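Please open the model in a viewer and keep the selection panel at hand.

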Amino acid sequence: MRIVNLIENTEGGSGCAYAHGLSFYVETEKHKLLVDAGPSDITLQNAARLGIDLSKVDSLILSHGHYDHSGGIIPFAGLNPNAAIYMQSLANGQYYADDGKDKGEDRFRYIGIDKEIMNLPNLRLVDGDMEIDDQLSLFRVKSRSHKLPSSNKRLLIRDGQIYMSDDFKHEHYLVIKDGDKRILISGCAHNGILSIMDEFYSKYGKDPDVVISGFHLMKKSPYTDDEIGEIIDIAKALKKYNTKFYTCHCTGTDAYKIMKNLMGDQLEYVHSGDEVNLIYPDNKKVFCMDSFKPIKCKKNFDKKTCGRKIKNKRPVSKKKSTFMKWHKFFAWATLICFLMTVITGYKKR
């Protein structure tokens, strides 16, 4: 398994260009994939710099219908006309960002896909969940279990002359099966990373081993106290999972620093041109997720230690076990005799 970032908002150590957008190159045993294509042909230029031949890619997954993830699709299709392109049919919607009243007539800015993408012959429109093969699958959040991060409020759908809050039904997520491990790759997690994690568990019966995703917590203006509290709450919730998280792009470096302070090595940032050093979490760690959903208790799991690591108990010898039984017997016998003495003594008085 190989995962390389081709474009992201921040500068990495590879010398690749960086810009507001996202794209990952993924190699598995069976596939060479692109997950999103970044904002423009800059994605292709970075791939060439990294020695990655995009003409050999067999599939492109578009996570959702925004320009900063889809802008490189038309240039990519010119280079590689044979690759299948998967996206939700709703990704062709009229998606806008509200840049504020001070922008006047330019307040509402189109952020959707280039409509020429709809004419590509290898486009595969998806409605809901889809199993591509035994290694790749796509799923969508059917019903959010947590509220949307507040930074999504400015993202809209246009219907005629009316702007409404985006419901993000055009967003789906890629799951890659790597042996007995599952990797979840999301673009911006607009539906909320906690809702996505719950939907994953509902569909696959376990939590992902690795998550690669933006969390869409970035802001141009300073965070309010409530917004900082929201970031902290998300980090605390993610920390309870036995999952390794890699983030980038729309999380924003300020939000990342807050989350990193709480999550430690469980969270890493991926910069433009970086190769992901894929680390699966230690399976011996057991975390209680009862605050989110019911789970089957694992071996040596003790509900009294919910949320903490469980140490294996050392086997007790037969001799020590017998001693402990007699010790308990004499302790109880002594207590009973004491109580009887107190009661009978009280009656004599």
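Predicted model: local features only at pLDDT ≥ 70, side-chain atom pairs only at ≥ 80, totals over all residues.

Residues are numbered from 1 along each chain as its sequence is written, and side-chain values use heavy atoms, with hydrogens and water left out.

**Stop 1: the salt bridges around Asp129**

Select Asp129 and Lys142, whose side chains meet in a salt bridge at 2.9 Å, N to O. The pair links distant parts of the chain, 13 residues apart: Lys142 is in the loop between strand E10 (136-139) and strand E11 (155-159), and Asp129 is in the loop between strand E8 (123-126) and strand E9 (130-131). A salt bridge here is a side-chain nitrogen of Lys or Arg within 4 Å of a carboxyl oxygen of Asp or Glu. Helices (H or I, at least four residues) and strands (E, at least two) are DSSP runs, numbered from the N terminus.

Lys142 is exposed at 61%, whereas Asp129 is partly exposed at 27% and Lys203 partly exposed at 38%.

The structure holds 12 salt bridges.

**Stop 2: Lys260 and Glu268**

Select Lys260 and Glu268, whose side chains meet in a salt bridge at 3.4 Å, N to O. Lys260 is partly exposed at 22% relative accessibility, and Glu268 is partly exposed at 26%.

**Stop 3: the largest pocket**

Select Arg109, Arg154, His216, Met218 and Lys220, which lie nearest the centre of the largest pocket among its 28 lining residues. Helix H2 (67-70) and strand E6 (95-98) are the elements that give two or more residues to this lining, and H2 gives the most, with 3 residues.

On a 1 Å grid over the protein atoms alone, a pocket is an open set of points with protein on both sides within 12 Å along at least five of seven lines, a cavity is a set where a 1.4 Å probe fits but cannot get out, and lining residues have an atom within 4 Å of a point. About 650 Å³ of space lies in the largest pocket, a volume being the space filled by probe spheres set on the points, which are joined across faces, edges and corners.

**Stop 4: the cavity**

Select Ser150, Ser151, Leu217, Lys219, Tyr223, Glu227, Glu230 and Ile231, which line the largest cavity. About 40 Å³ of space lies within the largest cavity, and the structure holds 1 cavity of 30 Å³ or more.

**Stop 5: two positive phi angles**

Most residues other than glycine have a negative phi. Select Asp36, where phi is positive, near 70°. Asp36 lies in the loop between strand E3 (32-35) and helix H1 (42-49) and is buried at 1% relative accessibility.

End at Phe168, which has a positive phi of about 55°. Phe168 is in the loop between strand E12 (162-165) and strand E13 (173-178), and Phe168 counts as buried at 1% relative accessibility.

Conventions. Buried < 20%, exposed > 50% of the residue type's maximum accessible area, 1.4 Å probe, protein only.
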